[in-house]
Amino acid sequence: MLRYTLSRLSQAILVTFVMSFLLFMLIGLMPGDPLENMLEGNPSLTPELMAQMRELYGLDQSVFARYWNWLMAALSGDLGYSSLYFRPVTDVLVPAMLQTVKLMGLTLLVSVPLALLLGSLAARKPNGLIDSVVGVFSFASISLPNFWVSLLLIILFSVKLGWLPASGTPLSAAPSALEQMRHMVLPVAVLAMFHVGPLVRYVRASMIETLSADFVRTARAKGLGEGSVMVRHALRNALIPMVTVLALSFGSLFSGALVVETIFGMLGMGKMIYDAIGNIDFNLALVGLLLATIVTLLANLLADLAYALLDPRITL
């Protein structure tokens, strides 16, 4: 197991370095130039001063030399300066990352158990009443646009009933844990609904296949209760396809978080990356996209380790 983990970790590190170079190249292809933006904001800058600034920032060097300089600085902890927020990238990145981690963590905490429960109930009697109701909910979750659902929930629970705040970020400087949770209810509900639909379909399909296997019939023939058969035997073997979908869904969670963060006024990673690209903030966009890549790779690494725990044959 240790050798398998080290092998998968080394592959993830190698992919991270390759992706950092590709992202650096792609960011360099973005239209515009940070120094040109500075020139527009300060017409008194002369071409000679602009040339000196290009030399100072290394923009007169080749792309490979600039990447190497950036990589060495990043490995030493210097991620550069944000031209959009006029602060170091780390100072902007950490709060946004914590906001998104909190949002995605609560979403997974709600959506995964709900998907397991609904998928298992639907698989017990395919084409039955419960399966039909779960199917309608699942397809509605997949089909409805999350921005529309967000606006509906704000109108209902914030404007009409006044039960929950419309913003995802508390206005007070030191909000209590209860106040933070109240502000997170609507964003988490929208993301969880957006996320749970596909998971339910995969859990249902996998559970139907597993429940027809020989070892499940043997467990029932031995007199085991239905709950024990479902949880201890069928569900564990049905989890492997779901782990795959769960790992791949981090990208869709990120894209969904961008819309939710925008509507609920939350400065998370999705909103930060969008603003950085729109305002030609090269350093912030590059580090934000690279961090999103690392999170996706980490999710796939954890999925691989989960495979090995669920089925020890995989490590062989």
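**View 1. Helix 6 and the elements that cover its buried side.** The buried residues of helix 6 are covered by elements that include helix 5 and helix 8, where a helix is a DSSP run of H or I with at least four residues, a strand is a run of E with at least two, and both are numbered from the N terminus. The model shown is predicted, so that local features need a pLDDT of at least 70 and side-chain atom pairs count only at pLDDT 80 or more, while totals for chains, interfaces and linings use all residues. Residues are numbered from 1 along each chain as its sequence is written, and side-chain values use heavy atoms, with hydrogens and water left out. The buried residues of helix 6 are Asp131, Val134, Gly135, Ser138 and Ser141; buried means under 20% relative accessible area, exposed means over 50%, and partly exposed lies in between, with a 1.4 Å probe and protein chains only. Seen down the axis of helix 6, these buried residues fall within an arc of 130°, so they line one face of the helix, the arc being that of the directions from the helix axis to the C-beta atoms. On the face turned away from the buried side, helix 6 carries the exposed residues Leu129, Val133, Val136 and Ser143. With 15 residues at 1.5 Å a residue, helix 6 should span 21 Å, and its end C-alpha atoms are 21 Å apart, which agrees; the expected span is 1.5 Å times one less than the number of residues.

View 2. Asparagine 127 is found in the loop between helix 5 and helix 6 (129–143). Although asparagine 127 is not a glycine, it has a positive phi of about 70°. With a relative accessibility of 71%, asparagine 127 counts as exposed.

View 3. A pair of aromatic rings is described by the distance of the centres and the angle of the planes. The structure holds four aromatic pairs, for which rings of Phe, Tyr and Trp (its six-membered ring) must have their centres within 6.5 Å, with planes under 30 degrees apart counting as stacked, over 60 as edge-to-face and the rest as tilted. In one of these pairs, the ring centres of phenylalanine 21 and phenylalanine 64 are 5.9 Å apart and the planes stand at 15°, so the pair is stacked. Because phenylalanine 21 lies in helix 1 (residues 2–28) and phenylalanine 64 in helix 4 (residues 63–75), the pair ties together parts that are 43 residues apart in sequence. Phenylalanine 21 counts as partly exposed at 24% relative accessibility, whereas phenylalanine 64 is exposed, with a relative accessible area of 55%. The rings of phenylalanine 24 and tyrosine 67 have their centres 5.6 Å apart and their planes at 70°, so this pair is edge-to-face. Phenylalanine 24 is buried, as is tyrosine 67. Phe21, Phe24, Phe64 and Tyr67 form one aromatic cluster.

View 4. Helix 5 (residues 89–124) contains proline 113, which is partly exposed, with a relative accessible area of 44%. The C-alpha atoms of proline 113 and valine 196 are separated by 9.3 Å, although these residues are 83 residues apart along the chain. Serine 120 also has its place in helix 5 and is buried, with a relative accessible area of 13%. Not counting residues up to four places away in sequence, serine 120 touches Val203, Met207, Met230 and Leu235, a contact being heavy atoms within 4.5 Å.

**View 5. The nonpolar cores.** The largest nonpolar core has 40 residues, and those with the most contacts inside it are Leu103, Met207 and Phe264; such a core is a set of buried Ala, Val, Leu, Ile, Met, Phe, Trp, Tyr and Cys residues joined through side-chain atoms within 4.5 Å. Helix 5, helix 7, helix 8 (177–211), helix 9 (214–221) and helix 10 (226–263) each supply at least two residues of this core. Among the residues that phenylalanine 264 touches, not counting those up to four places away in sequence, are Ile154, Leu186 and Val190. A second, separate core of 21 residues includes Phe24, Ala96, Met269 and Ile273.
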